[in-house]
Amino acid sequence: RLTVNAERLAQGESLAPFPAGRDELGLLAERLQNTSLLLAARAAEARSASQAKSQFLSRTSHELRTPLNAILGFAELLELDLQQGPHAAHVGHILAAGRHLLGLIDEVLDIARIESGEMKLEVAPLALAPLAQELRELIEPLAKQHSITVHVGDSLNGLAMLADRRRLRQVLLNLVSNAVKYNRAGGEVHLDAERQGERVALTVRDTGMGIAPALLARLFTPFDRLDAEQGPVQGTGLGLAVSRQLALCMGGDIEAHSELGQGSRFT
């Protein structure tokens with residue numbers, strides 16, 4: 001019974017009753033019971049701290065959105081007035097920085113919603129080919145800026161899945177934009193799909209420099225940019241973490257494979 005209780009303790013389960021006794025086995029059973037009570041108290045404290053953090057992130061993010069939207073609104077009005085003036089580039093910098101910050105706030109809000117269990121999804125049958133075409137149109141300006149060619153495979157035609165359309169688009173847009181930004185000049189990005197029984201595997205593959213094996217384990221850690229803080233690509237380190245959590249919420253997952261010098265593949 002002591003062995004069973006030790007296994008239950010390792011799994012975080014409540015312990016089975018054990019006869020009281022003052023011999024060595026009785027004292028060991030008492031220590032196990034005390035340890036389980038201590039672990040339960042610490043788990044409750046951790047849950048409380050996590051809830052407090054999520055509430056803080058959510059409230060702070062909402063408070064930041066209101067003035068930021070006002071800044072962006074007035075900056076857009078200035079952009080209309082100063083299209084031909086010498087300060088047009090300055091207004092462009094304001095808008096770019098503001099939109100970057102707004103994206104960060106949205107990602108923090110998503111993390112807070114997921115951790116608090118408040119993420120609401122509208123899962124419905126979704127055809128993949130029209131969504132892929134929409135993604136291509138959205139990513140085209142960024143791809144041209146980096147001289148990247150985006151290919152959407154014919155394998156998406158006729159395939160559908162159960163998913164929240166807006167959230168699936170968010171996940172794929174994040175993966176495809178990363179594949180563009182971290183690619184080499186003149187590189188390629190491929191979006192393909194494959195039916196696997198009752199599931200569909202969507203794959204985003206690039207021809208970039210790849211990710212070192214030692215860094216792959218940190219890939220989905222929030223705010224971890226894999227030592228890219230000093231690089232030319234802006235980011236927060238939240239995109240992949242949010243994307244994976246959204247995939248899990250929809251009953252899926254995201255896996256990453258990469259080879260240095262060959263590129264990366266996200267499925």
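Hi everyone, let's start with S264, which sits in strand 7, residues 263-266. Helices and strands here are DSSP runs numbered from the N terminus, with at least four residues of H or I for a helix and at least two of E for a strand. Before going on, please keep in mind that this is a predicted model: local features need pLDDT of at least 70, side-chain atom pairs count only at pLDDT 80 or more, and totals for chains, interfaces and linings use all residues. Residues are numbered from 1 along each chain as its sequence is written, and side-chain values use heavy atoms, with hydrogens and water left out.

Back to our serine. Is S264 buried or exposed? S264 counts as buried, because its relative accessibility is 6%. Buried means under 20% relative accessible area, exposed means over 50%, and partly exposed is in between, using a 1.4 Å probe and protein chains only. The side chain of S264 makes a polar contact with the side chain of S258, at 2.8 Å. A polar contact is a pair of N or O atoms within 3.5 Å; within protein, one must be able to donate a hydrogen and the other to accept it, and residues adjacent in sequence count only if both atoms are side-chain atoms. Leaving aside neighbours within four places in sequence, S264 is in contact with residues including V204, R205, D206 and H257, where contact means heavy atoms within 4.5 Å.

Next, helix 3. This helix runs over residues 88-116, and its 29 residues should span 42 Å at 1.5 Å a residue; the end C-alpha atoms are 42 Å apart, which agrees. The expected span is 1.5 Å times one less than the number of residues. Among the buried residues of helix 3 are V91, L95, L102 and D110. Just after the helix, G117 takes a positive phi of about 75 degrees.

Now, how many salt bridges does the structure hold? There are five. A salt bridge is a side-chain nitrogen of Lys or Arg within 4 Å of a carboxyl oxygen of Asp or Glu.

Let's visit some of them. R99 forms a salt bridge with E76, with the closest N and O atoms 3.4 Å apart. That pair links distant parts of the chain, since R99 is in helix 3 and E76 is in helix 2, 23 residues apart. Both ends count as partly exposed: R99 at 45% relative accessibility, and E76 at 36%.

Then there is D110, which meets R167 in a salt bridge of 3.2 Å, N to O. Here D110 in helix 3 is linked to R167 in helix 5, residues 165-181, and the two are 57 residues apart. D110 counts as buried at 5% relative accessibility, and R167 is also buried at 5%.

Salt bridges that share partners join E134, R165 and R169 into one network.

One last stop is S147, in the loop between helix 4 (128-145) and strand 2 (149-152). Phi of S147 is near 55 degrees, a positive value in a residue other than glycine. Most residues other than glycine have a negative phi. S147 is partly exposed, with a relative accessible area of 46%.
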